[in-house]
Amino acid sequence: MVELLEALARGLGRGSIYALLALGFVIIFKATRVVSFAQPAFMLAGTVMVTYFIGTLGFWGALVAATALTALLALGVERAAVRPMVGKPPFVVAIITLGVDVAVRVVVNGYIGNDVRPMHDPWGLKAFDIGGITVQQRHVVIFVTAAIIVAALFAFFRYSRMGLAMRAASYDQEAALAQGVSVGAVFAVSWAMAGGLAAVAGTFAAAGESVDHLMWLTALVALPVIILGGLDSLAGAVVGGLIVGIVFEVTALYQKDMPWLGGNVSVISPYVVMLLVLLVRPYGLFGTREVERV
Amino acid sequence: MSNLEVVYDDVALVLRGISLGVAPGQIVALLGANGAGKTTLLRAITGLLDVHDGEITKGAVALDGAVISGRSPAALVRLGIGQVMEGRRIFAELTVEENLRLGGHTNRRKISEGLARTFDLFPVLAQRRKGTAGYLSGGEQQMLAMGRALMSAPRYLLLDEPSLGLAPKLVEQIRDLIVRINESGTAVLLVEQNATMALSIASHGYVMETGKIVLDKPSAELLADEDIREFYLGSHTTSFREVKHYQRRKRWLS
Ligand SMILES: Nc1ncnc2c1ncn2[C@@H]1O[C@H](COP(=O)(O)OP(=O)(O)OP(=O)(O)O)[C@@H](O)[C@H]1O
Ligand SMILES: [Mg+2]
């Protein structure tokens, strides 16, 4: 029981990271109807920036600076590489984002060097003891941080002028244009937000650990998450992220009792959950029917 | 607009030498069968041709003596051109109020003023303020689309077939609302298939046929014209199905 509760806590921490990553994908998808494969690169870039800034700015200062810079980077990439492709089939644009991903990662890898870059965050692997249950501090911090970010995002989309314009544009782009919404601004803001979210997610994924060339693979878990949550649903990204995080940790806990499954079932568990959900709900937990293009 | 030519997909010449004018404060009717090019003409004014891969290849649209063709849709809204698109195009998933706020996207300092004016003109929208727009009836949706367009306080309002799909009673109501909007100083370009309704309130009328203006007369004269009656009973709608099957490629940005 204690073990299960501890796994749940780890799952919420891990799931928060997936949720932030997935939100980035969903926000871009809602605005542009394209799944952006550049997210892993932004995640890596933001995280590596934090490892460079943390010495002088401290953890939170470094996180804010890296998030802002990654958002700017995403903004630049959108303007330079993606905007000119508007009107091309979504598949073509998706491939362009894949190219962007590779290009950005090649540059970032240069800053990682041959070694790993340690994170040196304030929490490391320190833990609280809550009534006999051990909960790692980093998991609590990421969960709380993610909750604040998610609340801020929802408030933004619900109450702000730009958030409303972004929602409208995702439903009917031409009608939004006719109201005077600048669709270019909608694209730009969504890419910047997604870049910033990836930076935060990556930083917390590396908290207590270090950054290496392969860290971007974490971002790929966002793909089963968004498909299971519904490509165009922010709530789906959050719920899907948490579900996948919890399933991952719980599977990891029990796989040792089922050696015949092999040692790495937890790694494929997100995809299994995705498949199971799709069997019951073809558009994901919260997705709308019409969405099927990539 | 003068001598306007519009081409879709680099090949299909849809407007051929259109000249048309709307004076401040006037109501002008634009009539024509399906596929005549009425909606295309409105897109040329509002900057939405781009979305449909269309392009002005000749001529220009001017406002207050300055050429405005080529401006972005947002810039045109700011210049005082509001529109109700064909099919209303309200945001069904959003609330009535959110729809209206979007109409005021370019006019953010005057949102509450605009809401008050809109609710005064369309009391039914005030009642349904927090309700989902998609659940409104057809007539209410048309009012919402008109109210949304008014939120930017336009000097010129372009309406694309506001009576489409509405019962005669509602058509009358919409007609009266158009008159009220016009009385408050907004000029109206009214695109209609319902010629009687449009001409009854317009001071001037144009009739389009396959991309050309074929008649350009005061409404009273058009109403009396036998040709008009024949035109609307005639067989000019043959290619309607084809018309609606063009491919909508998306290109939104300039
Ligand atoms: N996006 C497009 N691409 C190619 N051709 C188009 C496009 N939009 C309209 N057309 C063509 O332009 C012509 C005029 O269409 P338009 O929609 O302007 O007519 P309309 O007078 O508004 O008709 P309706 O009464 O049916 O609304 C039609 O022949 C149509 O096939
Ligand atoms: Mg039309």
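## Salt bridges

The structure holds 16 salt bridges over all chains. This is a predicted model. Side chains of opposite charge can pair when their charged atoms come close.

One such pair sits within chain A. A:Arg10 forms a salt bridge with A:Glu249. Their closest N and O atoms are 3.1 Å apart. A:Arg10 lies in helix H1 of chain A, and A:Glu249 lies in helix H10 (residues 234-254) of chain A, so the pair ties together parts that are 239 residues apart in sequence.

## Where the chains meet

Chain B puts 26 residues into its contact with chain A. Chain A puts in 23 residues. The size of an interface is often given as the accessible area lost when the parts come together. Here, chain B and chain A bury about 2,400 Å² between them. Carbon and sulfur atoms account for 62% of that area.

Charged pairs also cross this interface. Between chain B and chain A there are 4 salt bridges. A:Glu174 forms a salt bridge with B:Arg89, and the closest N and O atoms of this pair are 2.9 Å apart.

## The chain B side

Which elements give two or more residues to the side of chain B that touches chain A? They are helix H2 (73-78) and helix H3 (96-103) of chain B. H3(B) gives the most, with 4 residues.

By class, it has 11 nonpolar, 5 polar and 10 charged residues.

## The largest cavity

The count comes to 3 cavities of 30 Å³ or more. The largest cavity has a volume of about 60 Å³. Its lining comes from chain A: A:Ile27, A:Lys30, A:Ala31, A:Phe157, A:Met166, A:Arg167, A:Ser170, A:Ser190 and A:Leu234.

Helix H1 (2-32) and helix H5 (161-171) of chain A each supply at least two residues of this lining. By class, the lining of the largest cavity has 5 nonpolar, 2 polar and 2 charged residues.

## The second largest cavity

The second largest cavity has a volume of about 40 Å³. Residues of both chains line this cavity. From chain A come A:Ala178 and A:Gln179. From chain B come B:Val77, B:Ile81, B:Gly82, B:Gln83, B:Gly103, B:Arg148, B:Ala149 and B:Ser152.

Which element gives the most to the lining of the second largest cavity? E7(B) does, with 3 residues. Strand E7 (81-84) and helix H6 (138-150) of chain B each supply at least two residues of this lining. By class, the lining of the second largest cavity has 4 nonpolar, 5 polar and 1 charged residues.

How values were computed
Residues are numbered from 1 along each chain as its sequence is written. Chains are lettered from A and ligands numbered from 1 in the order in which they are written. This is a predicted model: local features need pLDDT of at least 70, side-chain atom pairs count only at pLDDT 80 or more; totals for chains, interfaces and linings use all residues. Side-chain values use heavy atoms; hydrogens and water are left out. Contact means heavy atoms within 4.5 Å. Buried area is the accessible area (1.4 Å probe) that two parts lose on being put together, summed over both. A salt bridge is a side-chain nitrogen of Lys or Arg within 4 Å of a carboxyl oxygen of Asp or Glu. Ala, Val, Leu, Ile, Met, Phe, Trp, Tyr, Cys and Pro count as nonpolar, Asp, Glu, Lys and Arg as charged, and the others, Gly among them, as polar. On a 1 Å grid over the protein atoms alone, a cavity is a set of points where a 1.4 Å probe fits but cannot get out, and a pocket is an open set with protein on both sides within 12 Å along at least five of seven lines; lining residues have an atom within 4 Å of a point. Grid points are joined across faces, edges and corners, and a volume is the space filled by probe spheres set on the points.
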